[in-house]
Every structure is written in C-alpha cells, then in structure tokens.
Amino acid sequence: MKLNLDSTITLNNGIEMPLLGLGVWKSDNQTAAQSVKWALANGYRAIDTAKQYGNEAGVGEGLKQGLAENGLKREDVFLTTKVFNGDQGYESTLKAFEGQLERLQTSYVDLLLIHWPVNGKYNETWKAMEKLYHEGKVRSIGVSNFNLDRLTDLMEHASVKPVLNQMEFNPVEQEKDIKDYCDKHHIWLEAWSPLGHGDALNDPAIQKLADKYNKSTAQIILRWELQREVITIPKSTHEEYIKQNADVYDFELSDEDVALINSLDIDKRSLWYGAFSWNGNPAGIVDAVDEWNK
Ligand code: A2P
C-alpha cells in the first residue's frame, strides 16, 4: 500500500480526511500551540483537540501561527474538535460551539465529534450537530467512545450518518466488534491513544518487529494502524517524536506481521466507558474541562 503524510481517506459524506494527524490530549495551551506548530512544519495536515482538553485556545493560536509560518491556508488543515459532556443537549451544544470556534480562531471545523455518549442526551446533541453540518459550520460530524449499543441507537435516530467513531485503539485494544460494525456501515474507526500507553511500545513482539524493519516500536504501531485503515492521531509534545511518528512511509509491514500485531489484542482499555453516563462515571476524568495551566 503506497501511503504518505498527505494520504487521505474519503469519509462517507465525500470529505477527504488525512489518515494521520496530531493529538493534543493532556497538553496545556502553550504546549499544544507548540506541538501544533511543530506538526505543521513537519508536514502534518490534521489536528485533533476537544473542549474537554482545555487547550482549544492553544490549538487555535498554534494553528494561526503555524499556517502563517508555513505558507498554508486554513483549508490545508483538517481540524477536529469535540462536544464537551457538560454542553450536551440541543441548545447548549449550539451555544457552546460558538465559543469553540472563537477559541480555535476559525469560522468552521472540519469534524465535530460527540466526545462521550452522555445517556439521554446524545441524540439531541446530534440534532444540533446536524444543524451545524447543514449550515456549513462543520464539514462533517461523528462520534467518540460509542459502544455498539449506543452507535446503533444513534444510527436509528440520525438523519446524517456519523463519518467516524473515535475509540481507544492500539495493539492491546483493537475494538473488533466496533471495527466490524463500522466497516459494514462505511464509518471509519479513528484511534485515540494509538500508541497504547506504553504497553504496546514496550511489547517484546513489537520490539522484534522494530529491529526487523529498523524502526521504533511507535513507528511499527502507527504503520500497523495505517495498514489496518484506522485513522490515527498520535500525541506528542516533543518535536523528535512528532517527526518520528510521521516517518512511517518508507516501509510496509508484511501481511504476516500485520497478523502478528492483530494477535496481540487483549481488550485492554485504559478508560471504562461501557456504561458511561454523565456525572457519576467511575473513570472520573471526563467530568470537567481539563485545566493544565493552574
Ligand atoms: P510525549 O507527549 O511526552 O512526547 P498515545 O497517543 O497512545 O496516548 O501516546 C501518547 C504518549 O506517547 C505520550 O506520552 C507521548 O509522549 C508518547 N509518545 C509519542 N510519540 C512517541 C514515540 N515516537 N516514542 C515514544 N513515546 C512516544
């Protein structure tokens, strides 16, 4: 499969989206701005943030500066943000979105996702997102952390189909049922925590492949995700890693090696979301906008 950093996939509404982009979870505004600038300077054309991350303003600033420094236009970059749990509902989603555009210093986003499926609210939130989509304020809409029950329920209520579902996905958590469902319904899977929190980065089988292909374990994992046709958004706050994570186009994993990584799935989630409901979810980290700058 011939791929490069400009490789895009076509979403089910005809919009093109880069297969690999930068994630910025757990970065404060200043760090996020710097990471976005490094990413754009090194050829990335997709950035993924969220109101919950508390760094939309930093991403907006990094984007503005990064576009200017690299002679790029806003349309050259695919920007994703997400509806915060506390904003879910019809009117509140619409109102909050105006603030999101302001912080991001843009008049539209390329992709807006429901960050978490807040029980009893996500279908109303979706209606608001459909309105934003029809008004052209978002070029595409999708979901995140939707298990099969909720994805099926949303599909039954939606008039616009989600373009993707962003889930925790990496060699130790491969979301097989959801991937199969998404493939069947022309919904892309997008990986958050694509490097797997160290578990996969330090896995001996992946280390062996890294030696074989003369690449890092991170590069083996990201290449595997691309070959599995999963959109991936590795996060890093270091320019060296940001560069390294985009340097995955000069080799190709054999079918056997893809299968070997497929066999490492142990369904290991870092966050519990099966019975997620707003307020009172045991994961405890999705109840508030993150404040990294305190
Ligand atoms: P840092 O942000 O300090 O640069 P994931 O996207 O799976 O959640 O992984 C993100 C974590 O992996 C971050 O802690 C990030 O570190 C680290 N990371 C990102 N790229 C690499 C890499 N190429 N090698 C090792 N660690 C990496």
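**Helix packing and a ligand site**

Let's start with a crossing: α7 passes α10 in a left-handed crossing. Left-handed here means that the near helix is turned anticlockwise from the far one by less than a right angle. Helices are DSSP runs of H or I, at least four residues long, numbered from the N terminus.

A word on the model. It is predicted, so local features need pLDDT of at least 70 and side-chain atom pairs count only at pLDDT 80 or more, while totals for chains, interfaces and linings use all residues. Residues are numbered from 1 along each chain as its sequence is written, and side-chain values use heavy atoms, with hydrogens and water left out.

Back to that pair. Helix α7 covers residues 204-213, and helix α10 covers residues 255-262. They pack at an angle of about 160°, with axes 10 Å apart. That makes α7 roughly antiparallel to α10. The cut-offs: over 145 degrees is roughly antiparallel, under 35 roughly parallel, 65 to 115 roughly perpendicular, and the rest oblique. Axes are lines fitted to C-alpha atoms, for helices over the stretch in contact, and angles run from 0 to 180 degrees between N-to-C directions.

Who touches whom? From α7 come Ala205, Leu209, Lys212 and Tyr213; from α10, Asp257, Leu260 and Ile261. Contact means heavy atoms within 4.5 Å. This contact has five nonpolar residues, no polar ones and two charged. Nonpolar covers Ala, Val, Leu, Ile, Met, Phe, Trp, Tyr, Cys and Pro; charged covers Asp, Glu, Lys and Arg; the others, Gly among them, are polar.

α10 has another partner. Helix α8, residues 217-227, packs with α10 at about 105°, axes 11 Å apart. The two are therefore roughly perpendicular. Ile220, Trp224 and Gln227 in α8 meet Val258, Ile261 and Asn262 in α10. By class, that is four nonpolar, two polar and no charged residues.

Next pair: helix α5 (residues 148-157) and helix α6 (residues 176-184). Their axes come within 10 Å and cross at roughly 20°. α5 and α6 are therefore roughly parallel.

Now the ligand. A backbone N or O atom of Leu195 lies 2.7 Å from a ligand oxygen atom. His238 places a polar side-chain atom 2.7 Å from an oxygen atom of the ligand. For Gln244, a polar side-chain atom lies 2.9 Å from a ligand nitrogen atom.

Conventions:
Polar contact = N/O pair within 3.5 Å; in protein donor to acceptor, adjacent residues only side chain to side chain.
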